[in-house]
Amino acid sequence: QVQLVESGGGLVQAGGSLRLSCAASGSIFSINAMGWYRQAPGKQRELVARITSGGSTDYADSVKGRFTISRNNAKNTVFLQMNSLKPEDTAVYYCNAPVVNTRGVWNAYWGQGTQVTVSS
């Protein structure tokens with residue numbers, strides 16, 4: 001069993017910053033790319049940022065230059081530093097990780113989600 005636990009969401013004024021964390025635990029053999037997605041009310045879930053185990057990153061155009069994704073492979077943890085936040089960044093943010101467990105089985109896991117609200 002693998003769990004992803006997120007933390008760091010909250011309410012912030014426009015222009016402010018938040019840092020999200022997601023820790024994976026359980027019967028983990030390896031994790032490839034870890035990512036952050038978000039879903040605003042009435043909208044589809046979208047990719048925000050993704051980082052491979054080697055450190056290569058990919059960002060949605062809407063967050064480039066404002067958000068930074070990073071990870072600690074030894075602790076199976078991924079972070080999302082969000083700066084210059086805008087009201088349109090308001091959403092539930094989800095951590096995602098494709099995991100190969102100790103039995104060699106691959107599965108994609110999601111965190112429970114953390115609310116980010118940016119007031120204008």
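Trp36 is buried, because its relative accessibility is 0%, where buried means under 20% relative accessible area, exposed over 50% and partly exposed in between, with a 1.4 Å probe and protein chains only. Trp36 lies in strand β5. Between the C-alpha atoms of Trp36 and Thr90 the distance is 14 Å, across 54 residues of sequence.

The model is predicted, and local features need pLDDT of at least 70, side-chain atom pairs count only at pLDDT 80 or more, and totals for chains, interfaces and linings use all residues. Residues are numbered from 1 along each chain as its sequence is written, and side-chain values use heavy atoms, with hydrogens and water left out.

**Overall architecture**

The chain contains twelve strands and zero helices; helices (H or I, at least four residues) and strands (E, at least two) are DSSP runs, numbered from the N terminus. The radius of gyration of the chain is 14 Å, close to the 14 Å given by the globule rule for 120 residues, so the chain is as compact as a globular protein of that length. This radius is taken over C-alpha atoms, and the globule rule is 2.2 Å times the number of residues to the power 0.38. The C-alpha trace spans about 50 × 25 × 20 Å along its principal axes.

Of the 120 residues in the chain, 42% are buried. The accessible surface comes to about 6300 Å², and carbon and sulfur atoms hold 47% of that surface; accessible areas come from the Shrake-Rupley method with a 1.4 Å probe, and for residues only the protein chains shown count as cover. Among contacts (heavy atoms within 4.5 Å) with a separation of 6 or more, 54% link residues 24 or more positions apart.

**The nonpolar core**

In soluble globular proteins, nonpolar side chains tend to be buried together. Here the largest nonpolar core has 32 residues, and those with the most contacts inside it are Trp36, Leu80, Met82 and Tyr93. Such a core is a set of buried Ala, Val, Leu, Ile, Met, Phe, Trp, Tyr and Cys residues joined through side-chain atoms within 4.5 Å. Strand β10 (residues 91–101) gives the most to this core, with five residues.

**Pairing of strand β10**

Two strands pair if DSSP finds at least two bridges between them.

| Partner of β10 | Sense | Bridges |
|---|---|---|
| β4 (residues 28–31) | antiparallel | three |
| β5 (residues 34–39) | antiparallel | five |
| β11 (residues 106–110) | antiparallel | five |
| β12 (residues 114–119) | antiparallel | three |

Ser30 stands opposite Val100 in β10, and Gln39 has Val92 of β10 as its bridge partner. Pro98 is bridged to Ala108 in β11, while Ala91 is bridged to Val116 in β12. The hairpin of β10 and β11 has four residues between the strands, and Gly104 in this hairpin takes a positive phi near 85°.

**The four-stranded open sheet**

Four strands form an open sheet in the order β1-β3-β9-β8, with antiparallel pairing. Its edge strands are β1 (2–7) and β8 (67–72), each of which pairs on one side only. The twist averages 15° from one strand to the next, with axes being lines fitted to C-alpha atoms (for helices over the stretch in contact) and angles running from 0 to 180 degrees between N-to-C directions.

Within this sheet, β3 and strand β9 (residues 77–82) are joined by six bridges in the antiparallel sense. Cys22 has Val78 of β9 as its bridge partner.

Ser25 is found in strand β3 (residues 18–26). Ser25 is partly exposed, with a relative accessible area of 34%. Leaving out residues up to four places away in sequence, Ser25 touches Gln1, Val2 and Gln3. The C-alpha atoms of Ser25 and Gln1 are 8.4 Å apart, although the two residues are separated by 24 residues in sequence.
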